[in-house]
Amino acid sequence: MSVELRVPEVGESITEVQIGAWLKAEGDTIERDEALVEIESDKATLELPAPVSGTLTKIVAKKGAILKIGDLIAELTEGASTGSAAKAPAKAAAPATPAAAAAPAAPVAASPASGPTPAPALTKAAAKPAPAAPLSSAAPPRVMPAAARALAEAGLGATEVRASGPGGRLLKEDVAAHVANLGTKPPAARSPLDRAETTAPADARGEESVPMSPMRVRIAERLKAAQNTAALLTTFNEVDMSSVIALREELKEPFQERYGVKLGFMSFFVKATVDALMHFPQVNAEIRERDIVYKNYFDIGIAVGGGKGLIVPVLRNAERLSFAEIETAVSDFGARAKENRIQLDELYGGTFTISNGGVYGSLLSTPIVNPPQSAILGLHAIHKRPVAVNDEVVIRPMMYLAVTYDHRVIDGRESVTFLKHIKDLIERPTRMLLGL
């Protein structure tokens, strides 16, 4: 029975999606709930599962196609795959090749009466291992981050290695196995420029036009709207990370043993931020038409880099979470963002955002507000610098903090004291445990 695969409802206010990578090719056997294709919205990338078991008969929408909700993506045939049965008679009816003709002669290959010609062909065919099935050009492998690094180190392309992970994913183990099968030392990693020079003349110049993904379009729209609408201003401060680093070093091992997750810096900043928001409620507010809406809950967005761009999953009711719960949630966000597995409902409704550019080496930046929020906290890299402590110059691990805020809601005094409150809590983290 024929079954149609159509674009489902993927979230409130989302009316169109873009087809991403196909994880299956036409003619492939599929199982119910097995991932078939990625669909990209302006919020997230989702894997669309097969509604039935059977065969992927026809791909209607190719990669990059823009579809409306309800549009046809593919056609499926429910039931056992007929692809193998259909191909078998065709092969039987085809004229026999010399190698194929030699195969039935295997039982009598040692007899002198069987003739000398088939035996060498049989011996050669038997000695040569069967070649691996080629990768489907319609379903390029989905490369995991660790596999991407291994490919770069080995100087290989993704299409050169067979993917064995779920949904056609290319794993680090696949690259290692491929290199081992080559039986030679991997070539030195080449830069994109080096690879281009091997396939094009030295004087070749070209351009490639790639459509913006729905998520990238949405990011551009929202951030530009923030610049055009809000009265944005940024205030800075610096924080001595010595106390947090010492506390983290002292407790990281028992913390990980008990909770199964590393004790990082983000939980300290989330706790300090929530405390500061309680003291300065306008920083947690937003403008709705001519009203300022104050919120008595604290849903903190954590900006993370995903496979398709920057996304901001939300820690709901962060004021109720322990250090361990925060670290577990943040670690889970980071892992799932790299695989584009963040759910749509995890991206809605944040009241304040924390962006950590320090993980990429940023020393100082001005983060941009994520509307309709009114402020965002920017964290940066930790560097040892000489600072004056008790009239003496000492070396301390220092971090610059930045708060960008909407001046329509938040005055300069509130933004400065808000940031200083965070600084004071981080420099004396035991205050957070006592609620001081």
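1. Buried stands for under 20% relative accessible area, exposed for over 50%, and partly exposed for the range in between (1.4 Å probe, protein chains only). The structure is a predicted model, in which local features need pLDDT of at least 70 and side-chain atom pairs count only at pLDDT 80 or more, whereas totals for chains, interfaces and linings use all residues. Residues are numbered from 1 along each chain as its sequence is written, and side-chain values use heavy atoms, with hydrogens and water left out.

2. Overall figures. The protein chain has 12 helices and 19 strands; these are DSSP runs numbered from the N terminus, helices being H or I with at least four residues and strands E with at least two. Of its 436 residues, 37% count as buried. The accessible surface of the protein chain is about 24,700 Å², and carbon and sulfur atoms hold 56% of that area (Shrake-Rupley method, 1.4 Å probe; for residues, only the protein chains shown count as cover). Taking contacts (heavy atoms within 4.5 Å) between residues at least 6 apart in sequence, 63% join residues at least 24 apart.

3. The open sheet. Four strands make up an open sheet in the order E1-E8-E6-E3, with antiparallel pairing (two strands pair if DSSP finds at least two bridges between them). At the edges are strand E1 (2–6) and strand E3 (29–30), each of which pairs on one side only. Between strand E6 (residues 54–59) and strand E8 (residues 72–78) there are 5 bridges, and the two run antiparallel. Within this pair, Lys-58 is opposite Glu-75 in E8.

4. Strands E17 to E19. Strand E17 (residues 352–356) runs parallel to strand E18 (residues 375–389), with 4 bridges between them; here Ile-354 faces Leu-377 in E18. On pairing with strand E19 (residues 392–406), E18 runs in the antiparallel sense over 13 bridges. One of the residues involved is Ala-375, whose bridge partner in E19 is Tyr-405. The hairpin formed by E18 and E19 has 2 residues between the strands, and Asn-390 in its turn has a positive phi of about 55°.

5. The loop between E17 and E18. Gly-361 is placed in this loop. With a relative accessible area of 48%, Gly-361 is partly exposed.

6. Helix H5. Which residues of helix H5 (residues 172–182) are buried? They are Asp-174, Val-175 and Val-179. These residues lie on the same side of H5, because they cover an arc of only 130° around the axis, taken from the directions from the helix axis to the C-beta atoms. Glu-173, Ala-180 and Asn-181 are exposed on the other side of H5.

7. Asp-275 belongs to helix H9 (residues 266–279). Asp-275 is buried but has no salt bridge, and the nearest side chain of opposite charge is that of Arg-431, 6.5 Å away. For charge, Lys and Arg count as positive and Asp and Glu as negative, while His and the chain ends are not counted. Beyond its neighbours within four places in sequence, Asp-275 has contacts with His-421 and Leu-425.

8. Salt bridges. The criterion is a side-chain nitrogen of Lys or Arg within 4 Å of a carboxyl oxygen of Asp or Glu; by this rule there are 17 salt bridges. One of them is between the side chains of Glu-34 and Lys-24, at 2.9 Å, N to O. This pair links distant parts of the chain, 10 residues apart: Glu-34 is in the loop between E3 and strand E4 (35–40), and Lys-24 in the loop between strand E2 (16–22) and E3. Glu-34 is partly exposed at 24% relative accessibility, and Lys-24 is buried at 15%.

9. A pair within helix H11. Asp-424 and Lys-420 form a salt bridge through their side chains (3.2 Å, N to O). Both residues are in helix H11 (residues 412–427), 4 residues apart, or about one turn of the helix. Asp-424 is partly exposed, with a relative accessible area of 24%, and Lys-420 also counts as partly exposed, at 43%.

10. Glu-286 counts as buried at 8% relative accessibility, and Lys-295 is buried with a relative accessible area of 11%.
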